[in-house]
Amino acid sequence: MSLTLRFLGTAASRPTVERNVSAIALVREGETLLFDCGEGTQRQMMRYGISFILGDIFFTHFHADHVLGVIGLIRTMQLQARTESLRLWGPAGIMKFLQQASSFTGERLPFLVIPGEVTPGTPIPRQGYSIIPFAASHRGSPAVGYTLAEDLRLGRFHPEMARARGIPEGPLWGELHRGRIVTLHDGSTVDPAELVGPHRPGRRVVITGDTRPCDSTIEAARDADLLVHEATFAEEEATRAVETGHSTAREAAMVAQQANVRQLILTHVSARYSRDTSDLDREATAVFPNSLVARDGMEIEVPYRD
């Protein structure tokens, strides 16, 4: 089952020639989830092949560089005669934001836009996975990050062992794989534990939005497959990072190291590093070697651990 992230915007605060403002499309087996929607996101979606047929947009907070694009996106969906509902998720303030955004669309929308206020630690269950908000630490706005956590997968089925037991290939194999005891033609029973390995973990992807390094991110990202953490500044601007509620590349790498994640992707890059991210790369990889600074259009596939 495929799970990929497409970085639609990797700039902080304002777009640059190389980078648009914040937006990430997560595509899981054909289902698209959008995380933040900065100005110009709909054009980035067209440019990088992300379908407008999406049902959910998750906002980390309501600063302009993370939300302004939703007005144009909703308007385009309206012009395309969309009828399916669209769910907008975010921290406290989502209702006020939706009212403000709706005032720009003009005529009545032909589809429902449904707000959902998220609470850190309260999962949003979906088919085969959950979206779990967690508290972020950002100045001037209630802020959250999101974890996509897949459900446990079935254990690995061993067909050669099933054949050795004389179990015919077909429905009985499926029953055993689903953990059900089966009865053979001779009246004997087979316990699935004999042929099926232990349950296997699903994948976990963590997206912080704008934040200072914080314990809640470390806990949310514990042993995650992928952490997407903002890295607005290099260490030369560490004081500025504290003042504005952002992180440096080194600080993001320390979060990844403490959380024991498999891979770290840095985004939300200040305009001063837009063309040359070597300082961010160097500072992050010195602490956490499996670090990478995102660029617009970059696609990252998240594999299963096994």
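## Basis of the model

Helices (H or I, at least four residues) and strands (E, at least two) are DSSP runs, numbered from the N terminus. The model is predicted: local features need pLDDT of at least 70, side-chain atom pairs count only at pLDDT 80 or more, and totals for chains, interfaces and linings use all residues. Residues are numbered from 1 along each chain as its sequence is written, and side-chain values use heavy atoms, with hydrogens and water left out.

Most residues other than glycine have a negative phi. Asp-36 has a positive phi near 65° and lies in the loop between E3 and helix H1 (41-47). Its relative accessibility is 5%, so Asp-36 counts as buried (buried means under 20% relative accessible area, exposed over 50%, partly exposed in between, with a 1.4 Å probe and protein chains only).

Glu-29, also not a glycine, has a positive phi of about 50°. Glu-29 sits in the loop between strand E2 (23-28) and strand E3 (31-35) and is partly exposed, with a relative accessible area of 48%. A further positive phi, near 65°, belongs to Ala-81, which follows H3.

## The seven-stranded sheet

An open sheet of 7 strands has the order E7-E8-E9-E12-E13-E14-E15, with mixed pairing; two strands pair if DSSP finds at least two bridges between them. Strand E7 (124-126) and strand E15 (291-293) stand at the edges with a single partner strand each, so one side of each has no neighbour in the sheet. On average, neighbouring strands are turned by 15° against each other, direction ignored. Helix H10 (residues 278-287) packs on the sheet, touching strand E14 (264-267) and E15, and its direction makes about 165° with that of E15. Contact means heavy atoms within 4.5 Å; axes are lines fitted to C-alpha atoms, for helices over the stretch in contact, and angles run from 0 to 180 degrees between N-to-C directions.

Strand E12 (residues 204-207) and strand E13 (residues 226-230) run parallel and are joined by 3 bridges. Val-206 has Leu-227 of E13 as its bridge partner, while Ile-207 stands opposite Val-228. Because 5 of the 5 residues of E13 are buried, this strand is largely enclosed by the rest of the structure. Leu-226, Val-228 and Glu-230 point one way from E13, and Leu-227 and His-229 the other way.

## Packing of helix H3

In helix H3 (residues 69-79), the buried residues are Gly-69, Val-70, Leu-73, Ile-74, Thr-76, Met-77 and Gln-78. These residues pack against E3, H1, strand E4 (56-58), helix H2 (64-67), strand E5 (86-90) and helix H4 (94-102).

On a 1 Å grid over the protein atoms alone, a cavity is a set of points where a 1.4 Å probe fits but cannot get out, and lining residues have an atom within 4 Å of a point. Grid points are joined across faces, edges and corners, and a volume is the space filled by probe spheres set on the points. The count comes to 1 cavity of 30 Å³ or more, and the largest cavity has a volume of about 110 Å³.

Of the 15 residues that line the largest cavity, the closest to its centre are Ser-22, Ile-24, Asp-36, Gly-209 and Thr-267. E2 and E13 are the elements that give two or more residues to this lining.

Methods
1 Å grid on protein atoms, 1.4 Å probe; cavity = no way out; pocket = protein on both sides within 12 Å on 5 of 7 lines; lining within 4 Å.
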